[in-house]
Amino acid sequence: MTATSTTTAPAAEPLTSPVHSHNEWDPLEEVIVGRLDGATIPSGHPVVTCNIPGWAARLQGLAAGVRYPRMLIEPAQRELDQFVELLRSLGITVTRPDPVDHRRRFGTPDWSSYGFCTTCPRDSMLVIGDEIIETPMAWPCRYFETHPYRALLKDYFRRGARWTAAPKPQLTDDLFDPDFRVPGHGEPMRYILTEFEPVFDAADFVRAGRDLFVTRSNVTNRMGIEWLRRHLGPGYRIHEIESRCRTPMHIDTTFLPLAPGKVLVNPEYIDVDHLPDALRSWDVLIAPEPDPIDERLLKVTSMCGKWLSMNVLMLDSTHVIAERHHTRMLRALESWGFEPVPSDLLHYAPFGGSFHCATLDIRRRGTLESYCP
């Protein structure tokens, strides 16, 4: 009888995830920046029109599926290119989604729609530690918005990241209140979403280590917040921030943590006396009134209102990229001990945001900590 020898294969080296981000302010090392390529006027739908200016709602009825005009695209593209170069000059790795044609119509058995754009990765994906979560978005035109990022997502997964997709919503009429109207000032808050199924945009959440803050909105319902709470488990806490905005959508023009113990708040939308107890030891920084926009085309085409001055991107807990036009915000940041890096992205507003919206932090150098009592 001949003995046979066996060879044990060497143990595989554990993968180190390229995705690593716990808060809004640790030193930024890698970021996804959105694209303007193929941006298309989205299909009209009540959940879209209730969140955008009246001009845009009327335009959708006439021009859904049509590319945005060059007079909007070209200045925004110049500023976006300069912003990407600024990030790279600071040693930050910048990745981009694939360009796609958002004029291609798509659908489910219940509805069909044109697309929108790929300008704001902060909306469709949420990074928690080493995990990227694809969010269940409420706008039908954004149903497949993560597809242009799939090459990146697969690469991050192969290299060790966790990749999760929240349940794809049906987006049938049952999700939307047929009697919804924007509440007037002094009236009780109303939302167009029912609790038929979980939906949320990642941009309704901001991160402070083991604590996340969220605004319920016209794209994020209670079921969506509860889905994320259960998914993250007991290691995290989710605190709701009450917004007085009559058309709430996305927290980063309302409430934005800038550094450990420092949070920027919108005095028009936030009652600082009713912030969560978790913030009782934090410095609450009141955003100054935004500088007026004199360019008429921007005033009538911005989808985000005047408070985009708050939509800043922290490079670390001291340095912050902020809009050059908003000099009041730049001065306020300096007075609070930050070092602003002025840049231009004013013409990105018709496509959904500014520096925070246009980016998704993939890697920040730091550890998971608790910053709230």
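## The largest cavity

Glu24, Arg122, Met125, Leu126, Val127, Ala202, Phe205, Val206, Arg207, His356, Leu360 and Asp361 together line the largest cavity of this structure, which is a predicted model. The volume of this cavity is about 80 Å³, and the structure holds five cavities of 30 Å³ or more.

By residue class, the lining divides into seven nonpolar, one polar and four charged residues. Two of these contributing elements, E5 and E17, also belong to sheets, E5 to the sheet ordered E5-E6-E7 and E17 to the sheet ordered E2-E1-E17, and these sheets are taken up in turn below.

## The sheet with E5, E6 and E7

Strands E5, E6 and E7 form an open sheet of three strands in that order, with mixed pairing. Its edges are strand E5 (125-128) and strand E7 (162-165), each of which pairs on one side only. On average, and with direction ignored, neighbouring strands of this sheet are turned by 20° against each other.

Between E5 and strand E6 (residues 131-134) there are four bridges, and these two strands run antiparallel. Within this pairing, Val127 has Ile132 in E6 as its bridge partner, and Val127 is also one of the residues that line the largest cavity. Helix H6 (residues 222-232) packs on the sheet, where it touches E5, E6 and E7, and the direction of H6 makes about 155° with that of E6.

## The sheet with E2, E1 and E17

A further open sheet is formed by three strands in the order E2-E1-E17, and here too the pairing is described as mixed. Strand E2 (93-95) and strand E17 (359-364) are the edge strands, each pairing on one side only, while the twist from one strand to the next averages 25°.

Strand E1 (residues 28-33) is joined to E17 by five bridges, the two strands running antiparallel, and in this arrangement Leu28 stands opposite Arg364 in E17. Helix H3 (residues 70-89) packs on this sheet and touches E1, E2 and E17, its direction making about 160° with that of E1. Helix H5 (residues 150-158) likewise lies across E1, E2 and E17, and H5 runs at about 145° to E1. Among the residues of E17, Leu360 and Asp361 take part in the lining of the largest cavity.

## Salt bridges

A search of the whole structure finds 29 salt bridges. One that can be described in detail is formed by Arg190 with Asp177, for which the closest N and O atoms are 3.4 Å apart. Both residues of this pair lie in the loop between E7 and E8, and Arg190 and Asp177 are 13 residues apart in the chain.

Notes:
Residues numbered from 1 in each chain as written. Predicted model: local features only at pLDDT ≥ 70, side-chain atom pairs only at ≥ 80, totals over all residues. Heavy atoms only, no water. Pairing = 2+ DSSP bridges. Axes fitted to C-alpha atoms, helices over the stretch in contact; angles between N-to-C directions. Contact = heavy atoms within 4.5 Å. 1 Å grid on protein atoms, 1.4 Å probe; cavity = no way out; pocket = protein on both sides within 12 Å on 5 of 7 lines; lining within 4 Å. Points joined across faces, edges and corners; volume = space filled by probe spheres on them. Nonpolar A, V, L, I, M, F, W, Y, C, P; charged D, E, K, R; others polar. Salt bridge = Lys/Arg side-chain N within 4 Å of Asp/Glu carboxyl O.
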